Amino acid sequence: MLHRAHDYKHLVARWRRVARAAGLRLRPLAQDDGFDLFYVETPHLAGNSGLYLSAGIHGDEPAAPEALVRWAERNAARLATMPLLIFPCLNSWGLRNNMRTDSQGRDLNRMFHEDSHPVVAAVRRVTRPHRFHIALPMHEDYDAQGIYLYEVQRGRHGFGEELLRRAAKILPVDPRVKIDTSIAKDGLIRRRISRKKFETMGYPEAIWLHLFHSQNTFTFETPSEASLELRVSAHIAVLDECARRIAK
Ligand SMILES: [Zn+2]
C-alpha cells in the first residue's frame, strides 16, 4: 500500500478543487502510461516576470508534488493574480509506482533537449512563448543528508542562499562539501553549465530552462529520509520565497 502522497488521482482531484477556487482551469498537457497529465497557466503570465514550477518528474520524490499542491491550496485566493506556469506532476506513472523513471525506464529529466518523450515535448511546447524570472524544478534525494539547492549561474550571483535560509528553518542544510559530483558550500551548488557535458548526458529540465526560458534557475532537493511533513514544509518555504520575489 503506497502512501497517499503517491495517489495521482487524489492529487488531480485536489488540483481541480484549487483551480476551481482560484478561478483557473486545469489544462490537459499529455497522456502518458495511461494517465492524463495537466498544467496550470495563470492569465498574468506575460513578459519575463513569471514563475515556473514543476514537480514529480521523478516519481520517487513525493514531497515535491505534495508541497506544490499544498502551497497552491494555501494561496488559492491569490493564485490567479500571480504570473505562474505550474506542472503539478510530470511523471504520474512514476509517482503511482514510486519510481524515478517512467514505465519504460526513461529518466524524463535527461530528455529536455528533444521532443521524443510525449510529456517533455508537451512541456516544451507549452513553455515555448514564455520567459520567467524564476524557474524551480522541485526534487528529492535519498542520498541527501539535508536540504540542498542547485543554482545555475548567470552573471553575478543569484539568491540561492536566501532560498536555502528559508528552508533551513525547517530542515538542516546538507553539510557535505561534495554533493553528487559537484562542489557544495552550505548546501548550495552554484555552477555554470557545460553544454558539452549536458549534450552527452541529455538536458535536465533546469538546463533547458536556463538556456531558453528563465533568468534564475534553481533545483531544490529535500532528503527523502526525513519525515514527509518536514520535507513538504521545506519545499513550501522555498515556494513562498520565490512567490515573494516575483511579487516585488
Ligand atoms: Zn529528482
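Strand β5, residues 132–141, runs parallel to β10, and 7 bridges join the two. A word on terms: strands are DSSP runs of E, at least two residues long, helices are runs of H or I of at least four, and both are numbered from the N terminus. Two strands pair if DSSP finds at least two bridges between them.

This is a predicted model, where local features need pLDDT of at least 70, side-chain atom pairs count only at pLDDT 80 or more, and totals for chains, interfaces and linings use all residues. Residues are numbered from 1 along each chain as its sequence is written, and side-chain values use heavy atoms, without hydrogens and water.

Back to β10. Ala135 has Thr217 as its bridge partner there. Strand β6, residues 148–152, is antiparallel to β10, with 5 bridges. Tyr148 partners Glu221. Is β10 enclosed or open? Of its 10 residues, 214–223, 9 are buried, so the rest of the structure largely encloses the strand. Buried means under 20% relative accessible area, exposed over 50%, partly exposed in between, with a 1.4 Å probe and protein chains only.

Now helix α1, residues 8–22. Its buried residues are Tyr8, Leu11, Val12, Arg14, Trp15, Val18, Ala19 and Ala22. Down the axis of α1, these fall within an arc of 160 degrees, so they line one face. That arc is taken from the directions from the helix axis to the C-beta atoms. On the other side, Lys9, Arg20 and Ala21 are exposed.

And the ends? Just after α1, Gly23 takes a positive phi of about 75 degrees. At the start, a side-chain oxygen of Asp7 comes to within 3.2 Å of the backbone nitrogen of Lys9.

Technical notes
A polar contact is a pair of N or O atoms within 3.5 Å; within protein, one must be able to donate a hydrogen and the other to accept it, and residues adjacent in sequence count only if both atoms are side-chain atoms.
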